[in-house]
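Hi everyone, thanks for coming. I'd like to walk you through one structure today, so please have a look at it first.

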Amino acid sequence: MFQNIGMPGLILILVIALIIFGPSKLPEIGRAFGSTLREFKNSTKELISPDEIEEKTQSK
């Protein structure tokens, strides 16, 4: 979906975000997005790792 954006597209998105949210809100939004992404990755690792352990024990 985002493979063809390129540098000009990213700059345009950043400028629009600055206009909409203002410079004081952007760091707060970035932190919230980062913590949400980190939590999502940890949750998916927890879901995947028990399955992998189970597959390894069954194959032996």
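**A salt bridge and a nonpolar patch**

Let's start with a pair of side chains: Lys-25 and Glu-28 form a salt bridge, 4.0 Å from N to O. The term here means a side-chain nitrogen of Lys or Arg within 4 Å of a carboxyl oxygen of Asp or Glu. By this rule the count is 1 salt bridge. Both partners are partly exposed, Lys-25 at 40% relative accessibility and Glu-28 at 44%. For reference, buried means under 20% relative accessible area, exposed means over 50%, and partly exposed lies in between, with a 1.4 Å probe and protein chains only.

A word on where this comes from: it is a predicted model, where local features need pLDDT of at least 70, side-chain atom pairs count only at pLDDT 80 or more, and totals for chains, interfaces and linings use all residues. Residues are numbered from 1 along each chain as its sequence is written, and side-chain values use heavy atoms, leaving out hydrogens and water.

Now the overall picture. The protein has 2 helices and 0 strands; these are DSSP runs numbered from the N terminus, H or I of at least four residues for helices and E of at least two for strands. Of its 60 residues, 5% are buried.

Next, helix α1, residues 6–21. Its 16 residues reach 22 Å from first C-alpha to last, close to the 22 Å expected, where the expected span is 1.5 Å times one less than the number of residues. After α1 comes Gly-22, with a positive phi near 85 degrees.

So which element gives the most to the nonpolar patch? That is α1, with 10 residues. The patch has about 1,100 Å² of accessible area together, and its members include Leu-10, Phe-21 and Ile-29. Patch residues have over 30% relative accessible area and no salt bridge, with like charges joined within 9 Å and nonpolar side chains (Val, Leu, Ile, Met, Phe, Trp, Tyr) within 5 Å.

Leu-10, in α1, is partly exposed at 48%. Phe-21, also placed in α1, is partly exposed at 44%. Leaving aside residues up to four places away in sequence, Phe-21 touches Leu-26 and Ile-29, with contact meaning heavy atoms within 4.5 Å.

Definitions and conventions
Areas by Shrake-Rupley, 256 points an atom, 1.4 Å probe, with all protein chains shown as cover.
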